[in-house]
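This report goes through the chain interface, the domain contact and the charged pairs of one model. The structure comes first.

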Protein chains: 2
Amino acid sequence: MDAKTVCLAVLSQGEASGYEIRKSVEEGPFGHIQDIGFSSIYPALSRLREDGLVSVTELTQEGRPDKKIYRLTSDGRLSLLNALKDPTESDRVRSDFLFRMLFADILPPSIIDSMIDARMDEIQTRLTRLDARAARGFESIGEEFVNGFAATVQRAMAVYIEENRHQLVAAALAPSRAVAE
Amino acid sequence: MDAKTVCLAVLSQGEASGYEIRKSVEEGPFGHIQDIGFSSIYPALSRLREDGLVSVTELTQEGRPDKKIYRLTSDGRLSLLNALKDPTESDRVRSDFLFRMLFADILPPSIIDSMIDARMDEIQTRLTRLDARAARGFESIGEEFVNGFAATVQRAMAVYIEENRHQLVAAALAPSRAVAE
DNA sequence: AACAATATATATCATATTGATATAATACTA
DNA sequence: TAGTATTATATCAATATGATATATATTGTT
């Protein structure tokens, strides 16, 4: 999903500023499926406004920078629905962790080990967040489905890593492959 | 991992042209963890050559465009090892599929259903590829670990989707949420 | 109380990545 | 024989990313 659609999606759940869109994507149900930074959000919102898909209200605040509150227009709502109906692209994963694991037999075992530890910590943190969200309840079936999906995947990863990590570290201790020729 | 490191990583397994690097990333063990297109590869290779991390041999071919064969230099090999030792960034997933599932209750059930079918097909295709690779045997422990990891995750996804899809479609049939105000 | 860090808020810049398109010949398929 | 796939490199426009700038209030630490 491109930045514009992500903004529309967040705004479909209520008006928000650019800053709030960022927070919402980071902390909300989009958290594990999307990333978005300010440098994507602000240009996207400008384009959406030009195209009449969102409207803006400037809010003067004391003590804080002024806020620009964006709201979906009816065109925007329609445009979101159409985008959601488009056929989905394949999921993409980019894993720094797995990339390195491919080279486990040419890296020092201590590094492999600490990378695995770090990864397990991350998985635990994510699971804690997902469980906390589940405990708070969901706003829609979709949110529940996605939360459960993410939790299932994280758990499967954790089990697999724990069951297979020793082989990786053992290989790192007894290297068998050179870094090409 | 940036395009330069990906190129170095592929070249660590033997010399290759830009075209071959692409194929190798798409079909090889990097397949489910990295994406890379020509428009990233060619500039990356130029930079690597400027920096002395790869060397080039031009190969004139009849019938085909000339080939530029890239080879790691010893600086390049060192640079790759250093990059691999750097701490890993968090894994990133971007899922068009899950993004849409979040809006299951405002989309037509037939669309939800066919998106789920398409996703299941994709998972099956990936699993077939991963199993085929496993049957051919692995070149390193790392490759085996990553292949098993990917297969485990795909299987967990398939099970979860099959067990929960009916709820999503049911929700789509009986919408309960509006597209905001 | 002083100081550092975090949260609120928008914006821009350089760099990196992506998707589309150009070019060109062979090999395979319907 | 027409169309598509494969081999091969390259560039361009549109996006996306990461870093940095700016400014103040609140919260946390020593």
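A salt bridge here is a side-chain nitrogen of Lys or Arg within 4 Å of a carboxyl oxygen of Asp or Glu. The model is predicted, with local features needing pLDDT of at least 70 and side-chain atom pairs counting only at pLDDT 80 or more, while totals for chains, interfaces and linings use all residues. Residues are numbered from 1 along each chain as its sequence is written, chains are lettered from A in the order in which they are written, and side-chain values use heavy atoms, with hydrogens and water left out.

**Salt bridges**

Over all chains, the whole structure holds 28 salt bridges.

| Pair | Closest N and O atoms |
|---|---|
| A:R119 and B:D91 | 2.9 Å |
| B:R165 and B:D113 | 3.5 Å |
| B:R126 and B:E122 | 3.8 Å |
| A:E89 and A:R92 | 4.0 Å |

B:R165 belongs to helix α7 of chain B and B:D113 to helix α6 of chain B, so this pair ties together parts 52 residues apart in sequence; helices (H or I, at least four residues) and strands (E, at least two) are DSSP runs, numbered from the N terminus. B:R165 is buried at 14% relative accessibility, and B:D113 is partly exposed at 29%. Buried means under 20% relative accessible area, exposed over 50%, and partly exposed in between (1.4 Å probe, protein chains only).

B:R126 and B:E122 both sit in helix α6 of chain B, four residues apart, about one turn of the helix. B:R126 is partly exposed, at 23% relative accessible area. A network of salt bridges links A:D91, B:R119, B:E122 and B:R126. In chain A, A:R92 is partly exposed at 40% relative accessibility.

**Interface of the chains**

Chain B and chain A bury about 7,200 Å² between them, 67% of it from carbon and sulfur atoms. Buried area is the accessible area (1.4 Å probe) that two parts lose on being put together, summed over both. Each chain puts 72 residues into the contact, where contact means heavy atoms within 4.5 Å.

Four salt bridges are counted between chain B and chain A. There are also 26 residue pairs in polar contact, both at pLDDT 80 or more. A polar contact is a pair of N or O atoms within 3.5 Å; within protein, one must be able to donate a hydrogen and the other to accept it, and residues adjacent in sequence count only if both atoms are side-chain atoms. On the chain B side, α7(B) gives the most, with 19 residues.

**Domains of chain A**

Domain 1 (3-85) and domain 2 (96-173) divide chain A, with bounds from an automatic or database domain assignment. Their C-alpha centres lie 31 Å apart. Six residues of domain 1 of chain A and six of domain 2 of chain A make the contact. The area buried between these domains is about 470 Å², with 57% from carbon and sulfur atoms. A:E27, A:P29 and A:H32 supply 79% of what domain 1 of chain A buries against domain 2 of chain A, more than any other three residues. Zero salt bridges are found across this domain interface.

**Two loop residues**

B:S17 lies in the loop between α1 (3-11) and α2 (18-27) of chain B and is buried, at 5% relative accessible area. Leaving aside neighbours within four places in sequence, B:S17 is in contact with B:K67, B:K68 and B:Y70. A:D105 is in the loop between α5 (96-101) and α6 (109-136) of chain A and is buried at 4% relative accessibility.
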